[in-house]
There are 2 protein chains.
Amino acid sequence: MRAVCVIGLGLIGGSVLRAAANAGRPAWGATASEEDASAARAAGFDVPTSTEEALRRAAEQDALVVVATPLTAVRAVLRQVAWHAPQAWLTDVVSVKDPVDAEVRSLLPGARYAGGHPMAGSAESGWGAGSAGLFEGAAWAVAIEEGTTPDAWLEAATLALDCGAHVVPTSAAAHDDAVARVSHLPHVFAAVLAAVGSDGGPLALSLAAGSFRDGTRVAGSDPALVRAMTEGNRAALLDAVDDALGRLGAARGSLASTGSLKSTVDTGHDARAALEGLATGARTTETIAVDAAALPRLRELGERGGRVVALADGTATVELPDA
Amino acid sequence: MRAVCVIGLGLIGGSVLRAAANAGRPAWGATASEEDASAARAAGFDVPTSTEEALRRAAEQDALVVVATPLTAVRAVLRQVAWHAPQAWLTDVVSVKDPVDAEVRSLLPGARYAGGHPMAGSAESGWGAGSAGLFEGAAWAVAIEEGTTPDAWLEAATLALDCGAHVVPTSAAAHDDAVARVSHLPHVFAAVLAAVGSDGGPLALSLAAGSFRDGTRVAGSDPALVRAMTEGNRAALLDAVDDALGRLGAARGSLASTGSLKSTVDTGHDARAALEGLATGARTTETIAVDAAALPRLRELGERGGRVVALADGTATVELPDA
């Protein structure tokens, strides 16, 4: 099993290190946070004294390097990878893919890279918030770009499966558009909803129940991480916010003019049903040998809601929702 | 203990009937839904054959009548109450208070009424979704209006405490403004967020995780109930939607012009912290004899985040968050 070297041991990186070790893979990590490093060592994990040391070892052992820092630190880490392990197997777990892909192309043209993004998290952050089971049952996007090789994609996808996730094949741009809608806009909505509720004073907050608690939960996340994530996906997020402003404005207009929210409520209900249908509906399975010709096909299946649930001998088992 | 007659046996009314019976109070109910009536009878509850019959019995036993129908059915039920039990002790559990208050004043000038609203629910509806424990630990607004008598207020507040909730004293108008922000706007946001996510197609929905699931959960609620609730609080909800449009537009402008969401994210984080602080922070206790002079004081304490946690011999124990 290929060794795993995780750079960044916060919620996501710390959980990847635990899950990779749990899967029986040689695994070590490094972090700029002394607090996270100490906590990881105290839990029995292998955390060399520096990122340089961790990367040198990755080069020696031909390990998979996993960049698990916030987007704002990615460039600095990639520079270190370029210095110490320029031919590395490389993936990342950063919440946007286009900007990371561009950095890798510029700084690490020799890396065997496929970008990743596990769709799991919590309002907590840091090593202490992580767990080996964080990715169980979660989606984990693995990007297929021009120039992505089957080998590099399989390394990133295998890590995702080893962590208990299923793999959603996608392009970086399609990923960024999608997460703007289903991850970054929810953070903006949570912040706005929390503020409008709080503007109602203590009475409003004391009457808040499940709908407000659920709708504002992620507003409790570390503001620095939320900003790194949302601001890092600016163009796609602007599109999603514009769509939201349009729909909210239409709801406002309908409520003001006719007193009805029928269209808003019905459309939202249907959309939520589609989400639940995708999670629980019937699925067809197909198997695909992951060679260069198969990569565009995998991406197309991802676009249609498909996911890779197993990999063996270079062959992917893909589940696709019934139409 | 005063008997309780619940009209409407859906999620909320059905839970009130169970909780009142659990608290040892004589309790019966009626509903226009044959399905809910059969299910309640099968569970051993006392459900007379008609609303008329239930209300006649309420008049005979000087029971507290609890109107637990959607807002759209309230007028018809109040007409029946006016016919069969015009002097009734009366409360309701409808999600807006001003419109119900106005109907009661017009149709039932002799009723001993104080309006209520338990802040609990789920995305499910109907008798089968209810439970005796639904209101445990929940806030339950009980309105104090011009003309509300201490006796009527105590009857409604006692029911809330018997159901395991704490009581938030408020005016109908302040309640309606507050719930527009913390209950009705969350439903509009959930619907809009679900639609914008679904517009991203199967790929977006297959990448949706906790933030999207939480933010869209209440979009799964029965559209008819969501519309009755939100459309019934039109004026206050329009104000809340306008505030939300303003904040969302400001976030959009800042992201587009400077690339920053600092103000939006920080404000949302502080607001969420205020919510958590109110739930878990230190509280001071005071006791108040509930007479006519005390009612405005109770309402003022509610405005400041206060809540009644016990009632004994006409004296309320009020907890107030430390400033």
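B:Ala132 is found in the loop that joins strand S6 (116-118) and strand S7 (139-143) of chain B, where helices (H or I, at least four residues) and strands (E, at least two) are DSSP runs numbered from the N terminus. The model is predicted: local features need pLDDT of at least 70, side-chain atom pairs count only at pLDDT 80 or more, and totals for chains, interfaces and linings use all residues. Residues are numbered from 1 along each chain as its sequence is written, chains are lettered from A and ligands numbered from 1 in the order in which they are written, and side-chain values use heavy atoms, with hydrogens and water left out.

The relative accessible area of B:Ala132 is 23%, so the residue is partly exposed; buried means under 20%, exposed over 50%, and partly exposed in between (1.4 Å probe, protein chains only). Leaving aside neighbours within four places in sequence, B:Ala132 is in contact with B:Ser15, B:Arg18, B:Ala19, B:Asn22 and B:Cys163, contact being heavy atoms within 4.5 Å. B:Ala21 lies 111 residues from B:Ala132 in sequence, with a C-alpha to C-alpha distance of 8.7 Å.

In chain B, an open sheet of 5 strands runs in the order S2-S1-S3-S4-S5 with parallel pairing; two strands pair if DSSP finds at least two bridges between them. Strand S2 (27-30) and strand S5 (112-113) of chain B each have a single partner strand, so one side of each is left without a neighbour in the sheet. Strand S4 (residues 89-92) of chain B pairs with S5(B) in the parallel sense over 2 bridges, and B:Leu90 has B:Tyr113 as its bridge partner.

Chain A also has an open sheet, with 5 strands in the order S2-S1-S3-S4-S5 and parallel pairing. Its edge strands are strand S2 (27-30) and strand S5 (112-113) of chain A, each pairing on one side only. Strand S1 (residues 4-7) and strand S3 (residues 64-67) of chain A pair in the parallel sense over 4 bridges, with A:Val4 opposite A:Leu64.

Strand S8 (residues 166-170) of chain A is mostly covered, 5 of its 5 residues being buried. In a regular strand the side chains alternate between the two faces of the sheet. In S8(A), A:His166, A:Val168 and A:Thr170 are buried on one side, and A:Val167 and A:Pro169 on the other. Strand S7 (residues 139-143) of chain A pairs with S8(A) in the parallel sense over 5 bridges, and A:Val167 is the bridge partner of A:Trp140.

Between the chains, 89 residues of chain A are in contact with 89 residues of chain B. The buried area is about 8,000 Å², 72% of it on carbon and sulfur atoms; this is the accessible area (1.4 Å probe) that two parts lose on being put together, summed over both. The chains share 6 salt bridges, each a side-chain nitrogen of Lys or Arg within 4 Å of a carboxyl oxygen of Asp or Glu. B:Arg217 forms a salt bridge with A:Asp214, the closest N and O atoms being 2.3 Å apart. Helix H7 (residues 172-198) of chain A supplies the largest share of the side of chain A that touches chain B, 20 residues.
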